Number of protein chains: 2
Amino acid sequence: MAKQDRAVRTRHALIHSAAEAFERHGYVQATLVDISAGAGVSVGALHFHFTSKADVAASVEMAAAVRLRRAADQAQRPGMSALRRLTDTSYALADQLRHDVVSRAGLKLSGDGAREGGLDLRREWQDFVRSVLAEASDQDFRNEAVQPSDMADLIVAATTGIEFLSRRDPAWASPPLLSTIWRLVLPQAPQS
Amino acid sequence: MAKQDRAVRTRHALIHSAAEAFERHGYVQATLVDISAGAGVSVGALHFHFTSKADVAASVEMAAAVRLRRAADQAQRPGMSALRRLTDTSYALADQLRHDVVSRAGLKLSGDGAREGGLDLRREWQDFVRSVLAEASDQDFRNEAVQPSDMADLIVAATTGIEFLSRRDPAWASPPLLSTIWRLVLPQAPQS
């Protein structure tokens with residue numbers, strides 16, 4: 001294995017181990033010793049890749065952003081209705097969060113007051129919900145007394161609650177639960 | 001002022017100061033020095049009332065429980081319909097959270113993985129939502145294809161999201177926002 005490959009692998013292992021440590025102990029209490037041990041390297045080796053715990057956290061957050069954005073992109077196909085794009089994207093993001101500790105830990109860091117992050121992944125989701133609802137307003141809310149911006153508030157609140165609740169009980173981010181929420185909130189959306 | 005009065009006041013001041021410190025720095029990073037200084041007493045005086053930071057936190061959580069339960073009780077009147085009881089209680093709790101740092105910090109502690117609390121205030125709210133919806137099912141959902149337990153999941157998700165989002169932006173717990181959510185989720189409920 002070339003030296004560069006090994007460096008890339010170690011960096012990936014450190015990001016994964018950091019995500020596990022942040023999920024288990026919280027960002028503030030996780031230590032560089034935990035993180036390096038979880039990746040099977042020394043603290044010195046960790047410092048070859050990262051300057052500080054904040055630097056590791058920023059990398060976890062960025063890796064989560066890449067993975068969550070990719071999951072969202074892959075859920076969307078040309079010709080989909082706006083509401084279908086919204087619901088399918090929510091299933092894809094929930095699936096990504098259920099199966100990937102880096103996505104979970106990075107999203108949690110993105111809303112953690114204990115450190116200042118450059119990204120705001122929650123804001124990205126909120127902007128997506130608002131833009132999809134505004135687009136759907138012409139197609140799906142024409143004859144209803146529902147303001148798309150009000151519906152966006154409800155959907156942002158419910159999906160944020162689901163993410164928070166799923167930290168203790170992953171069933172909150174499961175397809176049956178999501179489908180219950182969508183049937184009640186957007187009965188006019190095509191159901192997956 | 002009798003000695004005992006002074007002790008009660010100091011204890012209250014410490015609980016208030018601890019809530020402010022937990023809200024500002026997080027439970028893990030708040031120190032006993034912050035907490036005692038905020039109450040205008042020495043760390044030694046703090047130790048007369050509390051054995052540890054965990055002990056202070058348990059008292060903040062308990063004080064929040066007392067205040068939130070009282071706010072919920074006061075919102076409920078004999079003869080109210082089940083759904084009215086639900087919506088009026090939500091306004092009262094949101095008002096309590098907006099105006100009282102002890103309630104906010106105690107509720108946040110109650111879901112914080114960094115310490116083990118004896119209370120579970122979120123669970124109390126979830127049980128309340130479920131019991132009200134089950135009761136309302138006879139009155140309000142008779143002719144609809146809505147399962148009360150599904151509606152309870154949606155309401156728990158949305159209200160949990162509102163509490164989480166209001167930590168960064170208090171407007172999420174404001175009466176206009178809550179009324180938007182209730183109009184969409186429970187159009188059959190009497191609107192405040």
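Predicted model: local features only at pLDDT ≥ 70, side-chain atom pairs only at ≥ 80, totals over all residues.

Me: OK, and where do the copies meet?

Reply: They meet through the same surface, because 100% of the interface residues of chain B are also interface residues in chain A. Chain B puts 23 residues into the contact, and chain A puts in 23 residues.

Me: Which helix gives the most to the side of chain B that touches chain A?

Reply: That's α8(B), with 12 residues. Two helices of chain B, α8 (148-166) and α9 (175-185), each supply at least two residues of that side.

Me: How many of the residues on that side are nonpolar, polar or charged?

Reply: On the side of chain B that touches chain A, there are 14 nonpolar, 7 polar and 2 charged residues.

Me: Switching topic. How many helices and strands does chain A have?

Reply: Chain A has 9 helices and 0 strands. From the N terminus on, you read its elements as α-α-α-α-α-α-α-α-α.

Me: And what does its C-alpha trace span?

Reply: About 65 × 35 × 30 Å along the principal axes of chain A. The chain has 192 residues, and 38% of them count as buried.

Me: What share of the contacts in chain A comes from residues 24 or more positions apart?

Reply: It's 62%, taken over the contacts in chain A with a separation of 6 or more.

Me: What about the nonpolar core?

Reply: The largest nonpolar core has 106 residues. A:V60 and B:V60 are the ones with the most contacts inside that core.

Me: Which residues does B:V60 touch?

Reply: Leaving out residues up to four places away in sequence, B:V60 touches B:I15, B:A18, B:A19, B:F22, B:V102, B:A105, B:G106 and B:L109. As background, nonpolar side chains tend to be buried together in soluble globular proteins.

Me: One more residue, B:H16. Where does it lie?

Reply: B:H16 lies in helix α1 of chain B, which covers residues 3-25.

Me: Why does B:H16 count as partly exposed?

Reply: Because B:H16 has 19 C-beta neighbours inside 10 Å, while a residue needs 20 or more to be buried and 12 or fewer to be exposed.

Me: How many residues apart are B:H16 and B:V101 in sequence?

Reply: They're 85 residues apart in sequence, yet 7.4 Å apart in space, C-alpha to C-alpha.

Conventions:
Residues numbered from 1 in each chain as written. Chains lettered and ligands numbered in written order. Contact = placed C-beta atoms within 7 Å. Helix = DSSP H or I, 4+ residues; strand = E, 2+ residues; numbered from the N terminus. Core = buried A, V, L, I, M, F, W, Y, C linked by C-beta atoms within 7 Å. Nonpolar A, V, L, I, M, F, W, Y, C, P; charged D, E, K, R; others polar.
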